[in-house]
Amino acid sequence: MPTMNAKARQKASEFVEDRRVRLLSFDPGPPFRPAAPEADSQCDCACFAVEGAEIPVLDMPLSFYLELTPLCNNRCPGCGNVFVDRASPHAFSPSLSASGWQEVLAQIAPFACQIRVTGGEPTLHPDFGEIMEEISRLGIPFTLFSNARWSDPLGLCRFLTDLKGLNGLLISLHGAEAAAHEAFTGVSGSFAETVRNIRHAVGAGLSVSLSCIITHLNWDRIRDIWGLAQQLGAESVVFNRYIGPDVAGLAASPAELLAALEAISALRASGVPVKMGNCVPHCFAADGQAGCLAGLAFLTIDPWGRVRPCNHAPVICGDLRRRSLAEIWHSPALEAWRDFRPEPCRSCSVFATCRGGCKAQAYSLGLDADPLLDTQAKPLPVPRRQWTFYEKARPVGRFERRSERSGTLLLRGNRLALVHHDQVAVLDMLDGQTTMRQIEQVHGMVGLELVADLYERHLVELC
């Protein structure tokens, strides 16, 4: 555990009078690092818990992408699902039936905190309803990722509203107007159909968010896309960079992508619910967004039961019809994926947060690193933070817990935090009754830093 100097120790216990309000102010300096776990199971990962910490491989994955079928009624050249490669021997093989997916679900159910159902277009699977009912029966929260080009929109929406555990729909919409969207989908009329069915879904009471690939046709329309989302009743927009070979010349240039990222960051700063769904290196755009958790917290299962670390990556790590999930999760193929660290990133102080950008893009293009990586950039400094809390504020934990060999994993939706065994006692004080002052008295600077980190990650609220 890092040792506090005298000045930091004094400041940690300093109470500042501000009229009638007493504040607890401290400067933790570089992000807190918990006691290091055993060296044989470490990987660099900091979107969990305490920024900059070395976090070991989780015992088992938390989240899964289920690619139900390769069938799709769009023809997107930038489709992230690598199984659409017609040269693949699996390209024309029947996907798993309902019973096959039930076997897969039985394997992952004990560990799955959430599932994203995708494809192709998942609703085109002939057993779609039966598979969804099985996920619902198992009580696993899930999101449906769809293009919203449905043959029976009203019937599908009625079916979905009755499913327990459905968190909502993530619907692909790649522009604020038909030209940009249809250039990507390759289908005339798909924009109007998608927009119409988004309205049906929202009208049925379903929670809808939009997913938008940034292209050279829409990079300067970020605010307009958010404006359309508002008109349609969507709750948020998830933007993504173009991953994979640019076979149709649609990918945004680095300058266009950077401008789009700046627009997204500006909207976020004003409280608009937009974000990037995939990552870029921090040396390209230091927006503070954490790197990808593919192979670290989630896995993808393709239409034939094969496991990949990411739905964008052509890396097969095993087959759930022949090997157990535990074997695949701790397999050499996944270990190699986790160990992938581009040479320029080896000395960078923010690698634990950034993780070198998008591994899938590097793999899909046959490169040694994300092409957006700035190999000439100097290592970025670890930011310093200063926190000031009202001493009588009462933090309350907003998370579920899961025990790991290396600590306690905290879960809230897509937010994760891994707290070392030595700090679990702090979690027991996040009851909405104990004050910040009392936590400081018992746990000192370490306790305050942990509360601040979890508060920053929306895993703790103050009352």
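## Contacts of Ile135

Contact here means heavy atoms within 4.5 Å. In this predicted model, Ile135 is in contact with Leu66, Leu105, Ile115, Val117, Ile140 and Phe142, once its neighbours within four places in sequence are set aside.

## Nonpolar cores

In soluble globular proteins, nonpolar side chains tend to be buried together. The largest nonpolar core of the model holds 90 residues. Those touching the most other members are Leu66, Ile115, Ile135, Leu169 and Phe239. Helix α7, spanning residues 222–232, gives the most to this core and supplies six residues.

There is also a second, separate core, which has 20 residues. Trp387, Val419, Ala452 and Leu454 are included in this second core.

## The ten-stranded sheet

Ten strands form an open sheet with mixed pairing, in the order β11-β10-β9-β8-β7-β6-β5-β12-β13-β14. Its edge strands, β11 (274–276) and β14 (318–319), each pair on one side only.

Within the sheet, strands β5 (residues 63–67) and β6 (residues 114–118) run parallel and are joined by five bridges. Tyr65 has Arg116 in β6 as its bridge partner.

## Helices lying across the sheet

Two helices may be described in relation to these strands. Helix α3, residues 128–138, lies across β5, β6 and β7 (142–146). The angle between helix α3 and β7 is about 155 degrees.

Helix α8, residues 254–269, lies across β10 (236–240) and β11. Relative to β11, helix α8 runs at about 140 degrees.

Notes. Residues are numbered from 1 along each chain as its sequence is written. This is a predicted model: local features need pLDDT of at least 70, side-chain atom pairs count only at pLDDT 80 or more; totals for chains, interfaces and linings use all residues. Side-chain values use heavy atoms; hydrogens and water are left out. A nonpolar core is a set of buried Ala, Val, Leu, Ile, Met, Phe, Trp, Tyr and Cys residues joined through side-chain atoms within 4.5 Å. Buried means under 20% relative accessible area, exposed over 50%, partly exposed in between (1.4 Å probe, protein chains only). Helices (H or I, at least four residues) and strands (E, at least two) are DSSP runs, numbered from the N terminus. Two strands pair if DSSP finds at least two bridges between them. Axes are lines fitted to C-alpha atoms, for helices over the stretch in contact, and angles run from 0 to 180 degrees between N-to-C directions.
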